[in-house]
Amino acid sequence: MLFKEVIGQDSIKENLIQTVLNDRISHAQLFHGKLGAGTFALALAYAQFIFCHNKQETDSCGTCPSCLKIKNLSHPDLHFSFPVQLEAKKKTSDSFVQEWREMVIENPYSSEQNWYRKNGNENKKGLIGVDESAEISKKISLKAYEGGYKISILWLAENMNAAAANKLLKLIEEPPNNTLIFLCVENLESILPTILSRTQVIKLASLSDLIIAKNLEEKHNLDSQRAIEIASYVNGDYSVALNELTLGDEGNFFFENFVSWMRLCFKKDVAGAVKFVAEIQKMGKEKQKAFLLFVLSIFQKSLVGNFVGMESVKTSESQKAFIKNFMPYIHERNIGHLHEIMSEAHYHIDRNANAKILFLDLSFNLFKLIKK
Ligand SMILES: [Zn+2]
């Protein structure tokens, strides 16, 4: 992956490039942020630049033998670890690496959920176990094939269990010569403090709506209206934006569902809510999560419409028309609570809560909260 293929994050790219050109690369670095903000994409572009035989001022060459090997993730000195759904005879990433490579080559912004879904079981969380740490240690202790660095990238390192983390800690404390360890982490709280204190943390901010919309337009041939619409509710996460595309041409689908949900909440229509929830249940987990984000984005836009004015609301004309009528119901007295229940629901769906109970409960809360 070339730096120029990584979306946004310009100042971080510049800093990473300087560490290579000035020969001061830290041996353990932690990229903190969403995969959809580009943590893995950056770590990969960084590794490619470090290995490139023909570095340019601001990027790898993209054509040397080393760059070509990285392009299909087969560089012998670059190793990947990622959470796997452990089986008796499959305890390390290597048993799953073919599928994982396919996914990441196709989309370096793939999410954790994309990975589990590709494995055929999106409801089971993976783990980086102690056998994997042993494997990392073994691989980076070997002599480099190409005589330079050996690099190990951990994709979602927060999925290490305690034994794996302790073993990795030893490796970070006493690294073999010329080894680099890059951790990509979404949840910093799950990382051992002792590991944290020994790594250089690089914090990635969420991408701006503008950057996401521009990339959706340019790379996925989306019309600008739809691109702006998607960017406006994915919270700066390019993985979520791309997942939206794979949901198909269903931009209006969420909106229509939202409108009918709000209508029945206004009417406090219990039977309608039960019917609605049955439909939502058919969506599946990922789509439910995206729907909740979408709902939250309409609440936020309504608030902006209320307090700043409709000219500051970025969305399609049909949504604007709806928001104009809807916005008196969203205000400083209920937005905090609305935000809280939606975010909590998103959190619980992600952890496999029962969607039927959860959305019904949400509906009853909305009965009470949505009023002038
Ligand atoms: Zn190159």
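**Labels and their cut-offs**

Biologist: Why does asparagine 352 count as partly exposed?

Modeller: Its relative accessibility is 39%. Buried means under 20% relative accessible area, exposed over 50%, and partly exposed in between, with a 1.4 Å probe and protein chains only. The value 39% falls in between, so asparagine 352 is partly exposed.

Biologist: What are the ground rules here?

Modeller: This is a predicted model, so local features need pLDDT of at least 70 and side-chain atom pairs count only at pLDDT 80 or more, while totals for chains, interfaces and linings use all residues. Residues are numbered from 1 along each chain as its sequence is written, and side-chain values use heavy atoms, leaving out hydrogens and water.

Biologist: Where is the place of asparagine 352?

Modeller: In the loop between helix H16 (335-350) and helix H17 (355-369). Helices are DSSP runs of H or I with at least four residues, strands are E runs of at least two, and both are numbered from the N terminus. By that rule the protein chain comes to 17 helices and 5 strands.

Biologist: What makes the phi of asparagine 352 worth a remark?

Modeller: Phi is near 65°, a positive value in a residue other than glycine. Most residues other than glycine have a negative phi. Asparagine 235 also has a positive phi, of about 55°. Asparagine 235 lies in the loop between helix H10 (224-233) and H11.

Biologist: Why is isoleucine 7 called buried?

Modeller: Its relative accessible area is 2%, so isoleucine 7 falls on the buried side of the cut-off. Isoleucine 7 sits in the segment before helix H1 (10-21).

Biologist: What does isoleucine 7 touch?

Modeller: Contact means heavy atoms within 4.5 Å. Not counting residues up to four places away in sequence, isoleucine 7 touches Tyr109, Leu207, Ile211, Asn215, Lys219 and Tyr238. Take asparagine 215: it is 208 residues from isoleucine 7 in sequence, and 7.7 Å away, C-alpha to C-alpha.

Biologist: What makes lysine 219 partly exposed?

Modeller: Lysine 219 has a relative accessible area of 44%, so it lands in the middle class. Its place is in helix H9. Beyond its neighbours within four places in sequence, lysine 219 is in contact with Glu5, Ile7 and Tyr238.

Biologist: How do you know that the radius of gyration agrees with a compact globule?

Modeller: The radius is taken over C-alpha atoms, and the globule rule is 2.2 Å times the number of residues to the power 0.38. With 372 residues, that rule gives a value near 21 Å; the protein chain has 23 Å, so the two agree. The C-alpha atoms fill a box of roughly 70 × 45 × 35 Å along the principal axes. Of the 372 residues, 53% count as buried.

Biologist: Which domains does the domain assignment give?

Modeller: Domain 1 (3-203) and domain 2 (247-369). The bounds come from an automatic or database domain assignment. The C-alpha centres of the two domains lie 37 Å apart.

Biologist: What makes up the lining of the second largest pocket, by residue class?

Modeller: It divides into 15 nonpolar, 8 polar and 6 charged residues. Nonpolar covers Ala, Val, Leu, Ile, Met, Phe, Trp, Tyr, Cys and Pro; charged covers Asp, Glu, Lys and Arg; the others, Gly among them, are polar.
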